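Trainee: I have a new model open and would like to learn how to read it. Could you take me through it step by step?

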Amino acid sequence: MASFGNAFSSSIGKKLIMGITGLFLISFLAVHCFINALIFVNDGGLTFNLGAHFMATNWFIRAMEVVLMAGLLAHIIQGLRLVFQNQAARPVKYAVVDGAANSKWYSRSMGLLGTILLIFLIVHLSDFWVVSRFTGIPTVDANDHENLFAVMVARFQTPWVVILYVLAMASLCYHLLHGFASAFQTLGWNHKKYTPLIKAFGVWYSIIISILFAIMPVAIYAGFIK
Amino acid sequence: MAELNANIPEGDLMEKWTKLKSSMPLVNPANKRSIEVIVVGSGLAGASAAATLAEMGYKVKCFCFQDSPRRAHSIAAQGGINAAKNYQNDGDSTYRLFYDTIKGGDYRAREANVYRLAEVSANIIDQCVAQGVPLAREYGGLLDNRSFGGTQVQRTFYAAGQTGQQLLLGAYSALERQIGMGKVEMFTRHEMMDVVVIDGKARGIIARNLITGELERHFGHAVLLGSGGYGNVFYLSTNAMGSNVTAAWKAHKKGAFFGNPCYTQIHPTCIPVSGDHQSKLTLMSESLRNDGRIWVPKKKGDDRSPIDIPEEERDYYLERRYPAFGNLVPRDVASRAAKERCDAGYGVGKSKLAVYLDFKANTERYGRIEANKHNIHNPDKETCMRLGREVIKEKYGNLFDMYKQITGEDPYELPMRIYPAVHYTMGGLWVDYNLMTTVPGLYAMGEANFSDHGANRLGASALMQGLADGYFVIPLTIGAYLSKEIATKAIPLDHPAFVEAEASVKSIVDKFFAIKGTKSVDHFHKKLGKIMWDKCGMARNAKGLTEAIAEIQQLRKDFWSDVRVPGEANEFNPELEKAGRVADFIELGELMCIDALNRNESCGGHFREEYQTEEGEALRDDENYAYVSAWEYKGDVTFNLHKEELKFENIKVAQRSYK
Amino acid sequence: MSTGNMNLTLKIWRQKSSKTNGKLVDYKLSEISPDMSFLEMFDVLNEELISKGDEPVVFDHDCREGICGACSMYINGRPHGPKEGVTTCQLHMRSFKDGDTIVVEPWRAKAFPVIKDLTVDRTAFDRVIAAGGFISVNTGNAQDANNLPIPKVQADSAFEAAACIGCGACVATCKNASAMLFVSAKISQLAQLPQGQPERYRRVQSMVAQMDAEGFGNCTNTGACEAECPKGISLENIARMNRDFLSSKFVSEESI
């Protein structure tokens with residue numbers, strides 16, 4: 001009988017999981033960033049809360065949330081497994097390694113960057129996701145929507161939280177700088193004409209998304225967004 | 001004294017191989033499964049033979065000293081492979097390839113063998129392309145060809161400057177396929193130390209596992225040697241560091257005659273020696289002579305930079321001496337001409353042992369063509385050079401890079417400096433038409449045999465011969481022998497002949513460690529190389545050869561009393577490997593000098609100063625020397641000469657002229 | 001015997017056999033000529049060691065012209081040393097300065113165990129090729145070579161992939177000791193040629209399976225392999241292999 005065999009357990013299959021989940025998370029980031037950027041309307045969070053309300057109540061988004069969590073977990077677990085497997089592939093380490101001579105530091109540090117992002121995610125999810133889904137958002141805004149904006153403003157009054165978020169977004173930027181183009185390479189979507197475009201888009205995407213995310217807590221802390 | 005029988009099939013030259021193929025005794029598939037064949041060497045000849053024999057159903061064991069069969073030195077061949085395909089419609093034919101090869105070999109090769117080689121040459125290209133060997137193509141999708149020395153047609157197929165690599169990887173992949181299917185058992189990092197002869201027939205080998213040092217006995221109904229040439233007897237050569245004569249030499253000592261040992265090819269275009277530390281020489285492909293013009297200054301000791309020497313003060317000596325073939329004369333002729341100029345004091349570079357190979361004229365010519373293609377009319381010189389450089393880069397980029405790496409000079413700016421270097425040995429184990437040596441069941445193929453190139457090999461013919469032997473000749477001719485061996489059961493490895501052969505190998509190994517001398521193996525190798533290069537190199541004479549024989553005999557004594565081999569026998573010990581190889585080279589070197597001294601004529605790569613025309617060309621003596629020298633080992637480094645008369649029935653023997 | 005004026009400190013990995021542990025050992029060398037190749041510098045060192053009664057350093061090398069793929073030294077943290085596009089044997093001492101310290105280690109990967117000193121066992125590569133790196137055509141079955149026109153661009157691209165010398169620098173430099181560049185070069189060569197089509201999907205599956213079985217790491221697309229490859233084998237080959245592998249698993253109806 002025909003079967004998929006070792007499609008996912010082979011080395012390329014494992015990378016396939018990383019690539020597909022990675023691209024999925026990348027697309028999620030765009031949506032997340034767009035909704036969050038609604039705070040820049042600077043209307044006391046009304047537009048943002050509207051967006052958040054839509055995200056929290058639309059059945060499709062809710063369904064996708066499950067997929068997202070599954071994808072995130074798969075990305076994390078597979079990523080960690082790869083890190084350990086890859087370390088085992090070189091049991092005796094070199095005394096001297098000149099990695100800078102042939103590759104970017106962030107390409108070689110995806111595991112580390114990912115781990116920073118994982119720690120950040122734990123903080124970030126307990127800050128907002130747990131609150132909005134489980135413990136409940138305490139107040140409502142003028143439109144009678146749950147006031148997630150208020151939770152956000154409150155959270156970003158603490159300097160170390162802001163710093164953590166900014167650092168995490170720097171990690172995200174470098175994680176994406178490698179991950180975006182890498183996912184295409186892993187999926188074999190390589191073309192002499194399109195690949196340079198994809199790479200350039202990936203760089204801009206990584207920088208813009210990360211900067212937008214990083215500006216939010218800073219702007220709130222600085223009082224530009226009220 | 002046994003009469004040499006070349007076993008050339010009867011009949012018309014053009015029918016011999018076809019008839020033999022149809023009448024060759026066959027071995028039925030069931031019997032093939034129980035017949036074991038040992039192949040020593042995994043280069044073009046060895047890998048192709050091992051793969052083909054396994055495809056046919058024989059049980060094959062293949063041995064190489066490298067860590068992978070893919071590293072055999074065939075991989076370093078650059079320029080191309082000849083085949084009489086006539087794809088260029090320039091009048092090529094099997095006969096013309098045959099004729100060019102016989103003439104190129106200065107009428108010292110066996111007609112029947114060479115004709116067969118020319119016949120199967122076309123099949124080789126078909127086979128390799130079917131295997132996925134990416135030979136160069138034109139935009140129409142068809143195969144491209146280029147010219148090589150000694151011919152006036154374009155019949156050389158190539159893959160940039162890496163033809164040998166691509167062909168070897170093709171043969172290697174065929175071999176690995178058989179290994180994967182369990183039909184070939186591969187022994188890498190194993191060196192053949194001796195042939196085991198039982199009742200006059202080759203029945204196996206003693207091999208040393210180079211990692212553990214263990215001596216192993218292997219049985220085979222037949223033993224095939226594809227162990228390459230012996231150019232490293234000169235220490236400095238274009239051969240790989242590990243290339244050696246040991247397998248062939250051990251076979252020789254077990255009764256296989258050694259054919260034409262003095263025929264060595266000195267390749268004209270190599271990067272000159274830069275100092276005492278030099279460990280090997282690097283070839284610049286002959287294909288460069290397609291577009292490079294060779295010259296020296298007209299003035300002795302002219303120290304100007306080559307770009308400052310004006311056109312009229314340059315001596316394009318090959319074009320001057322050989323207007324018909326110009327820079328594409330055969331290798332032996334080009335090498336001697338370079339030596340002549342340097343000896344006369346016109347050499348260039350620091351050592352004065354170099355001539356220029358200049359691409360400027362053709363770069364400009366190509367540039368002009370390109371400019372035309374780009375619709376640039378009346379291009380200036382700079383535009384031409386820029387566009388031409390692109391063309392040159394496409395054709396020879398890797399060679400130019402290699403040159404720059406080694407010399408630190410940019411050949412796009414300055415002409416290359418080149419000088420002849422030892423490259424190939426036409427001599428080797430004597431074999432009959434079936435490629436069997438004088439020991440029944442022991443075969444030799446590729447560079448390891450003497451058969452097809454006479455006294456000089458034409459460029460792009462080595463790859464052709466290696467693959468012809470391995471893919472198309474041996475797999476068939478071996479049937480004549482093996483069909484009579486189907487009743488022979490595998491001989492147990494505790495047979496006295498195996499025990500004795502292993503003991504004698506072990507005693508040699510022990511002897512190396514017992515000497516505890518003061519000099520490294522390389523010390524002796526370098527000394528041998530110097531004697532050989534000075535006295536048995538590009539030009540030889542009776543006095544020098546006589547001296548060389550005495551010097552080598554002395555060197556042999558010194559070696560066996562003062563060599564130091566560090567480490568132990570039962571471990572990975574490259575110094576021990578080298579010691580064994582150099583010991584054999586020293587004995588071979590003596591035989592080469594004896595052979596060169598015996599051959600009182602000049603032919604091809606063998607140039608005896610006493611025998612030359614007034615213009616300094618090689619002067620053959622067809623009356624007395626139209627024979628193959630086949631040397632029999634008589635024990636204690638003494639040899640007995642046997643002669644195989646060469647009969648030319650299809651070609652009129654003439655003085656070679658490339659004028 | 002040496003004629004140059006460079007003085008060097010070498011730190012070389014010495015390991016008696018696969019069963020023992022190794023360590024870096026210091027050696028001083030003087031009068032090294034900048035015209036020497038890196039391996040000729042090792043020849044000088046070994047001559048000195050032999051004359052002192054020590055054991056010479058064992059390293060793989062053969063053709064010394066950058067094509068056999070035998071030489072394999074990890075020099076100052078990079079396979080084949082500091083120059084791009086060359087093998088260790090093509091590296092010349094003019095790439096170093098007087099007074100330099102040079103650290104030389106063997107290729108390090110689980111799939112490439114050390115045999116002795118700087119020599120490693122790379123037979124894993126051969127087994128990967130044996131698993132499928134060929135076109136199944138027996139001798140004597142071929143049609144005329146020109147019956148099969150192949151567009152030049154395709155032929156050239158296949159040739160570029162086929163230029164791999166199997167040295168293992170890609171594995172050595174990869175932070176994961178992944179063999180993807182080596183394996184993809186062969187797959188890509190054959191996948192681009194019409195002759196390679198009948199076995200295209202079987203080939204990629206069996207070769208990848210063998211690669212995994214040998215214990216190489218996974219590819220992270222850092223690009224280090226491409227940067228260090230002495231023959232400039234492109235990362236595009238890896239993408240092509242990935243594509244073919246996924247097609248073989250999810251598009252092809254054949255399961256292997």
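Mentor: Gladly! Let's begin with terms: helices (H or I, at least four residues) and strands (E, at least two) are DSSP runs, numbered from the N terminus. Two strands pair if DSSP finds at least two bridges between them. Keep in mind that this is a predicted model, in which local features need pLDDT of at least 70 and side-chain atom pairs count only at pLDDT 80 or more, while totals for chains, interfaces and linings use all residues. Residues are numbered from 1 along each chain as its sequence is written, and chains are lettered from A and ligands numbered from 1 in the order in which they are written.

Trainee: In which order do the five strands of the open sheet in chain B stand?

Mentor: The order is β5-β2-β1-β9-β17 in chain B, with parallel pairing. The edges are held by β5 (184-187) and β17 (442-444) of chain B; each has a single partner strand, so one side of each is left without a neighbour in the sheet. For angles, axes are lines fitted to C-alpha atoms, for helices over the stretch in contact, and angles run from 0 to 180 degrees between N-to-C directions. On average, neighbouring strands of this sheet are turned by 20° against each other, direction ignored.

Trainee: How many bridges join β9 of chain B to β17(B)?

Mentor: Three bridges join β9 (residues 222-225) of chain B to β17(B), and the two run parallel. For example, B:Leu225 has B:Ala444 in β17(B) as its bridge partner. Helix α7 (residues 246-253) of chain B packs on the sheet, where α7 touches β1 (36-40), β9 and β17 of chain B, and its direction makes about 135° with that of β9(B).

Trainee: Which element of chain B gives the most to the side that touches chain C?

Mentor: First, the contact takes 65 residues from chain B and 71 residues from chain C. On the chain B side, α6(B) gives the most, with nine residues. That side divides into 24 nonpolar, 25 polar and 16 charged residues.

Trainee: And how many helices and strands has chain A?

Mentor: Chain A has eight helices and zero strands. A residue is buried if 20 or more other C-beta atoms lie within 10 Å of its own, exposed if 12 or fewer, and partly exposed in between, with C-beta atoms placed from the backbone. Buried residues make up 31% of the 226 residues in chain A.

Definitions and conventions:
Contact = placed C-beta atoms within 7 Å. Nonpolar A, V, L, I, M, F, W, Y, C, P; charged D, E, K, R; others polar.
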